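Please look over the sequence and the structure before reading on.

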Amino acid sequence: MRVGAGASVRVVDLDGGQVGDVFAFNAADPTEFHSAGYTRARNSRLFPAIGEKFVTNRRRSILTLVADGSPGRHDMLIPACDPARYAELGVPDHPSCAANLRAALAERGITLAEVPQPINVFMDIPVTPEAGLEWLPSPSRPGDAITFRAEMDCVLVVSACPQDLVAINTGEITPLAIDLLPED
Ligand SMILES: [Zn+2]
């Protein structure tokens, strides 16, 4: 969806335990987009905290985390699932977040050379003391929500992650609600 600067978007995990991939593009120039890498460098955190800015590949603020009613686990390390990932897992025709993103942007006439790394809301990938990564099931509860404010006019895409071969979602794949909130 298109989100004007100052407006907010709330992503709600209706049934709990569902990961969502959030992508944000500058509405005026989709070659500028939210970058998980630049955001990690900006905030020096594994998981985003309330009040923190998410920045683009040009280091400009695009979103702010303004509210979070979930346990606060929103992965910033793992790329979107894509057809190649499901091919590795033996199911090449499986739906994916990358394909969902490309389809959503195609409706706006936007094609991507690369799929940016998303904000993986409700996805819990902690670092172990040995510097390994653990893939844990989503800890979010039914009705948990996270709210982002747009810092520039942007195109926001949310994909309810269809990953059912690696246990990052709890139980079945379930829908996410996306509420556009007008400027305060
Ligand atoms: Zn996915």
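## E32 and R60

In this predicted model, E32 has a relative accessibility of 1%, so E32 counts as buried, the limit being under 20%. The side chain of E32 meets that of R60 in a salt bridge, with N and O 2.8 Å apart. E32 lies in the loop between β3 (20–26) and α1 (36–43), and R60 in the loop between β4 (53–55) and β5 (61–68), so the pair ties together parts that are 28 residues apart in sequence. R60 counts as partly exposed because its relative accessibility is 42%.

## Other salt bridges

The model holds nine salt bridges. One of them joins R45 and E52, whose closest N and O atoms are 3.4 Å apart. R45, at 41% relative accessibility, is partly exposed, whereas E52, at 15%, is buried.

Another pairs R149 with E151, where the closest N and O atoms are 3.0 Å apart. Here R149 is partly exposed at 29% relative accessibility, and E151 is partly exposed at 28%. Elsewhere, salt bridges with shared partners join D29, E32, R58 and R60 into one network.

## Zinc site

The SG atoms of C81, C97 and C161 coordinate the zinc ion at 2.2 to 2.3 Å. Along the chain, the zinc donors follow the spacing C-x15-C-x63-C. C97 and C161 link distant parts of the chain, being 64 residues apart. C97 is in helix α3 (residues 97–106), while C161 is in the loop between β8 (154–160) and β9 (176–181). Both C97 and C161 are buried.

Technical notes:
Residues numbered from 1 in each chain as written. Predicted model: local features only at pLDDT ≥ 70, side-chain atom pairs only at ≥ 80, totals over all residues. Heavy atoms only, no water. Donors = N, O, S within 2.8 Å, 3.2 Å for Na, K, Ca; no water. Helix = DSSP H or I, 4+ residues; strand = E, 2+ residues; numbered from the N terminus. Buried < 20%, exposed > 50% of the residue type's maximum accessible area, 1.4 Å probe, protein only. Salt bridge = Lys/Arg side-chain N within 4 Å of Asp/Glu carboxyl O.
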